[in-house]
Amino acid sequence: MSSASPHRQSNVSLEERAYRIRRYAVRMGEVQGQGYVGQALGVADVLAVAYFHALRYRPDEPEWDGRDRFYLSIGHYAIALYAAMIEAGILPENELESYGGDDSRLPMSGMAAYTPGMEITGGSLGQGLGIAVGGALALRLKGSQSFIYNMLSDGELGEGSTWEAAQSAAHHGLDNLIAIVDFNNQQADGPSTQMLSAEPLEAKWAAFGWHCQRVDGNDIEAVRAAFDAARACREKKPRIVICDTRMCKGVPFLEARDKTHFIRVEPDEWALALQALDEGKPR
Amino acid sequence: MRRSKYEARPPQAGGPGLKTSAMIASLGTEGLPTKPAPFGHTLCELARQRDDIVGMTADLSKYTDLYPFAEAFPDRFFQMGMAEQVLFSAAAGMAREGFTVFATTYAVFASRRAYDFICMAIAEESLNVKIVAALPGLTTGYGPSHQATEDLAIFRGLPNLTIVDPCDATEIEQATAAIADHQGPVYMRLLRGNVANVLADYGYRFELGKAKLLRDGGDVLFVSTGFMTLRVLEAAKRLAKDSVDCAVLHVPTIKPLDTAAIVEAAGRPGRLVVVAENHTVVGGLGEGVARTLLTEGVTPRFRQIGLPDAFLDAGALPTLHDRYGLSVDAVCASVRAWLD
């Protein structure tokens with residue numbers, strides 16, 4: 001039986017983990033030729049902290065009852081989570097080539113029934129936080145010490161059901177629930193702040209009764225400190241870490257593009273993207 | 001045709017001139033024996049034996065008969081407030097952790113407001129959530145906001161979901177135990193308050209997925225579900241006095257449908273087949289039976305007793321049941337007309 005925090009003692013830095021997650025994501029993107037690569041590159045640092053610092057889990061036993069649960073509401077971010085789970089040893093690297101293909105365990109939008117380690121079926125945006133409320137109530141009823149982490153997007157803050165769940169989590173004092181918002185300010189039709197702005201975010205979540213932090217989601221030290229503080233908080237409140245991230249982070253020529261929600265990448269650019277990641281590789 | 005709201009609504013001929021009763025009132029039981037809150041009391045019995053059973057509601061424990069459970073098991077009862085989206089997504093979250101969740105609200109809110117949450121968070125993963133929904137079909141006089149006339153049509157299309165429409169207190173008790181034992185999501189239509197209790201006299205046993213022949217007869221075959229089974233049983237007694245011999249096949253499980261029993265009963269030649277349901281004639285049991293029979297090449301004379309494809313009037317339930325053909329008088333009149 002493996003330990004519950006298998007990667008904490010590792011010599012591999014979180015920066016190196018994030019670099020590898022980005023590389024896996026780009027390789028999966030190349031399989032499809034386009035897709036949600038920008039989100040994966042942007043959120044890689046947050047996932048590195050989640051899977052190699054914060055979460056308790058056993059890579060060889062994804063349904064171990066003592067694990068922390070990571071609920072991905074944003075189904076299309078599956079490419080990023082697959083990359084993190086490959087790096088974590090939950091999924092084999094050789095399945096990466098099947099991403100989004102017929103009969104693959106790695107569908108384009110994450111589903112619980114398809115993939116080990118994928119806790120919920122996301123994709124219908126605005127459902128994850130509500131499911132997390134039930135999960136957190138259930139863990140408390142069972143006397144479990146585990147946490148529920150729910151990753152949602154800035155676009156998802158437009159869904160009324162997210163705010164129903166936010167109110168419910170605070171009402172029930174769910175101090176075993178940590179929400180993470182990947183705020184990359186990019187939705188299908190444009191910047192989320194121009195579609196339906198949820199600002200002022202920190203004040204809003206605080207007013208809803210949450211312990212709220214907002215950090216640069218591409219600053220690994222800041223993310224790590226925020227995750228630690230969220231977990232260590234003694235208040236009987238749900239916690240949220242809003243992570244401002246940069247779409248396509250780590251590949252400068254993609255970062256410079258405007259429309260990145262479902263980014264088109266030319267066939268010869270995939271190798272350039274990997275090369276850009278390698279050039280920026282942490283030492 | 002909708003009238004101008006500035007015109008008075010003239011009383012309709014023959015209307016009894018009743019008043020809308022409280023929305024929460026029990027369905028009129030017309031002198032039949034009754035039992036109080038059969039769902040809630042049965043759930044308490046089950047919860048005494050099983051600690052995996054939890055109850056959740058969206059501000060309707062009182063009006064969905066969940067209150068006995070809330071009082072007896074406060075640690076396992078979750079008041080989610082007037083928030084049906086989080087009610088059903090949180091129910092999914094609890095079921096993920098191994099609990100058997102009974103989540104209650106009105107049928108309109110489950111089927112209309114929370115559909116996507118029931119679909120994706122619960123049914124897609126076949127989680128163990130039992131949706132228990134009061135005020136199904138036409139069981140309130142409050143008008144379309146509370147009349148779930150199309151809930152079966154909405155839910156029949158949802159894969160993995162079992163759908164049950166019990167007809168009386170005995171059946172609610174037995175069905176509650178059966179769905180608690182069933183692995184997977186269930187939508188159960190609920191009659192609440194003082195619920196008529198009739199099926200015990202027929203030696204009835206509810207079995208999930210099974211239709212039961214309650215009465216045989218050579219002229220008419222009623223295929224019925226929900227409280228309409230009580231109505232057609234009564235109609236059958238009255239019609240017998242006119243030498244019209246009616247059989248009643250009760251179909252409490254709408255999905256999966258007991259197609260074998262339906263084909264066998266409707267395949268007996270010479271009978272008018274009348275499907276009776278507390279639901280719009282669109283997308284409910286009637287269409288399910290018609291599809292079954294056509295697929296099997298069984299083509300008896302076929303009629304539907306059900307609600308029209310319309311937003312229904314507000315008013316008193318007995319008036320509305322007469323107006324829309326669900327009362328015993330209306331059932332008898334329809335059958336006589338069809339046999340003439």
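Modeller: A convention is needed before any counting: helices (H or I, at least four residues) and strands (E, at least two) are DSSP runs, numbered from the N terminus. The model is predicted, so local features need pLDDT of at least 70 and side-chain atom pairs count only at pLDDT 80 or more, while totals for chains, interfaces and linings use all residues. Residues are numbered from 1 along each chain as its sequence is written, and chains are lettered from A and ligands numbered from 1 in the order in which they are written.

Colleague: How many helices and strands does chain B have?

Modeller: Chain B has twelve helices and 14 strands. In chain A there are ten helices and seven strands.

Colleague: What is the radius of gyration of chain B?

Modeller: Chain B has 20 Å, which agrees with the value near 20 Å for a compact globule of 340 residues. The radius is taken over C-alpha atoms, and the globule rule is 2.2 Å times the number of residues to the power 0.38. Along its principal axes, the C-alpha trace of chain B spans about 60 × 50 × 35 Å.

Colleague: And chain A?

Modeller: For chain A, with 283 residues, the rule gives a radius near 19 Å and the chain has 18 Å, which agrees. Its C-alpha atoms fill a box of roughly 50 × 50 × 40 Å along the principal axes.

Colleague: On to the sheet of seven strands: what is the strand order?

Modeller: In chain B, the order is S3-S2-S4-S5-S7-S6-S12, in an open sheet with mixed pairing. Two strands pair if DSSP finds at least two bridges between them. Strand S3 (77-79) and strand S12 (253-255) of chain B stand at the edges with a single partner strand each, so one side of each is left without a neighbour in the sheet.

Colleague: In which sense do S4 and S5 of chain B pair?

Modeller: S4 (residues 100-106) and S5 (residues 129-134) of chain B pair in the parallel sense, over six bridges. B:Val101 has B:Val129 in S5(B) as its bridge partner.

Colleague: Now the contact between the chains. How many residues does it take from each?

Modeller: It takes 19 residues from chain A and 21 residues from chain B. Residues are in contact if their C-beta atoms, placed from the backbone, lie within 7 Å. Helix H4 (128-142) and helix H5 (160-171) of chain A each supply at least two residues of the side of chain A that touches chain B. The largest share of that side, ten residues, comes from H4(A).

Colleague: At what angle do H4(A) and helix H3 of chain B pack?

Modeller: H4(A) and H3 (residues 84-96) of chain B pack at about 45°, with their axes 6 Å apart. Axes are lines fitted to C-alpha atoms, for helices over the stretch in contact, and angles run from 0 to 180 degrees between N-to-C directions. H4(A) and H3(B) are therefore oblique to each other; angles under 35 degrees count as roughly parallel, over 145 as roughly antiparallel, 65 to 115 as roughly perpendicular and the rest as oblique.

Colleague: Which residues make that contact?

Modeller: Among them are A:Gly130, A:Ile131 and A:Leu137 of H4(A), and B:Val86, B:Met94 and B:Arg96 of H3(B).

Colleague: Lastly, how far apart are the axes of H1(A) and H3(A)?

Modeller: The axes of H1 (residues 14-32) and H3 (residues 78-88) of chain A are 8 Å apart, and the helices pack at an angle of about 125°. H1(A) and H3(A) are therefore oblique to each other.

Terms used:
Two residues are in contact if their C-beta atoms, placed from the backbone, lie within 7 Å.
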